Amino acid sequence: VYSTFHICWGAQAGLYHHYGIQKYQFDKKLSGIYTHTVLKPNHPLMRGFDDTFVIPHSRYTTVRYEDIKKQLSLEVLAVSEQAGPAVIANRSGRQVFITGHAEYDRETLANEYYRDLNKGIDPNIPYNYFPDDDPEKKPLLEWRAHSYLLYSNWLNYYVYQRTPYDLNEIR
């Protein structure tokens with residue numbers, strides 16, 4: 001595989017495995033739709049992004065921005081004040097780490113919320129997800145365009161354009 005795209009738990013595991021970056025437990029599950037600020041608008045993964053964008057997060061742990069900054073081969077491309085570093089890549093683009101869930105459908109957070117309720121976990125209502133924080137209302141789908149852009153930028157700039165025709169050349 002020429003470039004890998006790690007998502008949520010996979011991103012945290014990949015950051016630990018490849019760079020020794022620890023994860024930290026939240027007191028309560030982070031769940032909801034969070035606003036992210038693009039830090040490197042000229043980076044290929046961020047091409048076409050607005051200054052801010054939203055994606056879902058649903059997790060019990062996080063990685064810290066200051067730990068990632070210590071790794072000179074990594075760049076934080078987008079960050080959320082509440083959810084932390086969200087789009088991280090190594091400088092070659094061969095490893096991309098997304099701490100949220102850009103791939104989620106409209107109902108995924110609702111399904112997780114109701115699942116947790118049924119298990120007796122007593123979850124918070126996902127942040128900024130249900131209109132008026134009312135789980136009876138249909139959630140707005142407001143992250144799809146940026147999600148498609150993120151995946152298509154990765155596929156175009158780091159898979160399609162950079163993968164050698166003969167993979168034996170990279171060994």
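First, a term I need: a helix here is a DSSP run of H or I with at least four residues, and helices are numbered from the N terminus. I also remind myself that this is a predicted model.

**Entry 1: helix H3**

Then I asked which residues of H3 (residues 108–118) are buried. I got Leu-109, Ala-110, Glu-112, Tyr-113 and Asp-116. Their arc around the axis is only 165°, so they sit on the same side of H3. The buried residues of H3 pack against strand E2 (24–38) and strand E3 (52–62).

**Entry 2: helix H1**

Next I went to H1 (residues 9–19), where the buried residues are Ala-11, Gln-12, Gly-14, Leu-15 and Tyr-19. They also span an arc of only 165°, which puts them on the same side of H1. What covers them includes strand E1 (4–7), E3, E4, E5 and E6. After H1 comes Gly-20, with a positive phi near 70°.

**Entry 3: the cores**

How many residues are in the largest nonpolar core? I found 27, and Leu-45, Met-46, Val-87 and Leu-150 have the most contacts inside it. E2, E3, strand E4 (74–80), strand E5 (84–90), strand E6 (95–98), H3 and helix H4 (144–160) each give this core at least two residues. There is also a second, separate core of 11 residues, with Ala-11, Leu-15, Val-79 and Phe-97 among them.

I picked Met-46 and skipped its neighbours within four places in sequence. Its contacts then include Val-38, Leu-77, Val-87, Leu-150 and Asn-153.

**Entry 4: the rings**

I counted 8 aromatic pairs. Phe-5 and Trp-154 make a tilted one, 4.9 Å centre to centre with 55° between the planes. Phe-5 is in strand E1 and Trp-154 in helix H4, so this pair ties together parts 149 residues apart in sequence. Both Phe-5 and Trp-154 are buried.

Phe-49 and Phe-53 pair edge-to-face, at 4.9 Å between centres and 75° between planes. Phe-49 and Phe-53 are buried too. Elsewhere, ring pairs join Tyr-113, Tyr-114, Tyr-129 and Phe-130 into a cluster.

Last, I checked for charges over rings. Arg-47 lies over the face of Tyr-157, 4.6 Å from the ring centre. The charged end of Arg-64 sits over the ring of Tyr-24, 3.4 Å from its centre.

How values were computed:
Residues numbered from 1 in each chain as written. Predicted model: local features only at pLDDT ≥ 70, side-chain atom pairs only at ≥ 80, totals over all residues. Heavy atoms only, no water. Buried < 20%, exposed > 50% of the residue type's maximum accessible area, 1.4 Å probe, protein only. Arc of directions from axis to C-beta. Contact = heavy atoms within 4.5 Å. Core = buried A, V, L, I, M, F, W, Y, C linked by side-chain atoms within 4.5 Å. Phe/Tyr/Trp six-rings, centres within 6.5 Å; stacked < 30°, edge-to-face > 60°. Lys NZ or Arg CZ within 6 Å of the ring centre and 35° of its normal.
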